[in-house]
Amino acid sequence: MSPSLSTRRLKLNAFTADDAVELHALFADPETHTIGSGPFTAFEQTERWIAARVTAQHDHGLCWYALRCSETGLLVGNCGMLKGRTSFEEPEIGYLIRASHRSRGYATEAATAVLEQCQAAGIRRVWASIRPHNTASRHIATRLGMHVDHTDNDGLLFYVIDLHPTDLADQQVRRASQIVGLKVTVRDPGVKSPKDCCQDSPGQ
Ligand SMILES: CC(C)(COP(=O)(O)OP(=O)(O)OC[C@H]1O[C@@H](n2cnc3c(N)ncnc32)[C@H](O)[C@@H]1OP(=O)(O)O)[C@@H](O)C(=O)NCCC(=O)NCCS
């Protein structure tokens, strides 16, 4: 994944230790950091959070981005990919937006760009684990083209999106042909057909 992206209104840069002070202001805000172990009470929690993302980027190429307003440079939130409850091969997407800047489409805008990066990086499937009461996040996941795959014992919803559905279909054809002993020719996934080129981007 590219460490720097931009969208219509946002600049996305993979987190570094230099972002810790600004990010901690978001993570320590109880109105903003309403998930997981938030709000953070100690600066070291934010430092550890960034360090884990830097390691995931170094070891697995997964990026978690600081989202900054293009015009002002203000840190409005974060969005990115991590192993989470799934795997490095099929990672989870996550997002958080400063409470004062919600319902302006920032999370959807950033997550759309991040999913496009995942697709370009060859990541086959992306997951999102969302609490049932988190209506805004569920709404975003649906707008991104994700659907609920399963629910765990705690009621956590696991949304998923196939970023390379044609490749998956090809795999299924190969598997089926092996079972019945057929010889099939499957299109080289590296060669784009006109149909691929016309496919909508995730979240559009
Ligand atoms: C979830 C979160 C990232 C959304 O950020 P955001 O920038 O406000 O999201 P967007 O504006 O892109 O989209 C939110 C969508 O949810 C809708 N929405 C928001 N609150 C809603 C609610 N209570 N009920 C129904 N829909 C709601 C909005 O209308 C919008 O949909 P629309 O674009 O079709 O109008 C933000 O609320 C947040 O940071 N929450 C805490 C962290 C979190 O929950 N992260 C996700 C963990 S799974």
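Student: Quick one to start: where is P39 found?

Tutor: In this model, which is a predicted one, P39 is found in the loop that lies between helix 1 and helix 2.

Student: What about the peptide bond from G38 to P39?

Tutor: That peptide bond is cis, and its omega is near -5 degrees. It deserves a second look because most peptide bonds are trans.

Student: Is the crossing of helix 1 and helix 2 left-handed or right-handed?

Tutor: The crossing of these two helices, helix 1 and helix 2, is right-handed.

Student: Zooming out, how many helices and strands does the protein have?

Tutor: Its secondary structure comes to six helices and eight strands. If you follow the chain from the N terminus, the elements run β-β-α-α-β-β-β-α-β-α-β-β-α-α.

Student: How much of the protein counts as buried?

Tutor: The protein has 204 residues, and 30% of them count as buried.

Student: Which residues have the most contacts inside the largest nonpolar core?

Tutor: That core has 44 residues, and those with the most contacts inside it are Y65, L67, A110, A111 and V114. The largest share of this core comes from helix 3, residues 106-120, which gives eight residues.

Student: Switching topic, which residues come nearest to the ligand?

Tutor: There are 20 residues around the ligand, and of these R102, A107, T108, T135 and A136 come nearest. By class, the shell around the ligand has nine nonpolar, nine polar and two charged residues.

Student: Which element gives the most to that shell around the ligand?

Tutor: Helix 4 gives the most, with five residues. Strand 5 (92-97), helix 3 and helix 4 (135-143) each supply at least two residues of the shell.

Student: Which helix does I140 lie in, by the way?

Tutor: I140 lies in helix 4, and it is buried, with 23 other C-beta atoms within 10 Å. The C-alpha atoms of I140 and T108 are separated by 6.0 Å, while the two residues are 32 apart along the chain. T108 is also one of the residues that come nearest to the ligand.

Student: And S103, is that one buried or exposed?

Tutor: S103 is exposed, with 8 other C-beta atoms within 10 Å, and it lies in the loop between strand 5 and helix 3. Its backbone is worth checking too, as S103 has a positive phi of about 60 degrees although it is not a glycine. Most residues other than glycine have a negative phi.

Student: Last one: where is the place of Y159?

Tutor: Y159 has its place in strand 8, residues 157-162, and it counts as buried, with 23 C-beta neighbours inside 10 Å. The C-alpha atoms of Y159 and G145 are separated by 9.6 Å, with the two residues 14 apart along the chain.

Notes: Residues are numbered from 1 along each chain as its sequence is written. This is a predicted model: local features need pLDDT of at least 70, side-chain atom pairs count only at pLDDT 80 or more; totals for chains, interfaces and linings use all residues. A nonpolar core is a set of buried Ala, Val, Leu, Ile, Met, Phe, Trp, Tyr and Cys residues joined through C-beta atoms within 7 Å. A residue is buried if 20 or more other C-beta atoms lie within 10 Å of its own, exposed if 12 or fewer, and partly exposed in between; C-beta atoms are placed from the backbone. Helices (H or I, at least four residues) and strands (E, at least two) are DSSP runs, numbered from the N terminus. A residue is near a molecule or strand if its C-beta atom, placed from the backbone, lies within 6 Å of it. Ala, Val, Leu, Ile, Met, Phe, Trp, Tyr, Cys and Pro count as nonpolar, Asp, Glu, Lys and Arg as charged, and the others, Gly among them, as polar. A crossing is left-handed if the near helix is turned anticlockwise from the far one by less than a right angle, and right-handed if clockwise.
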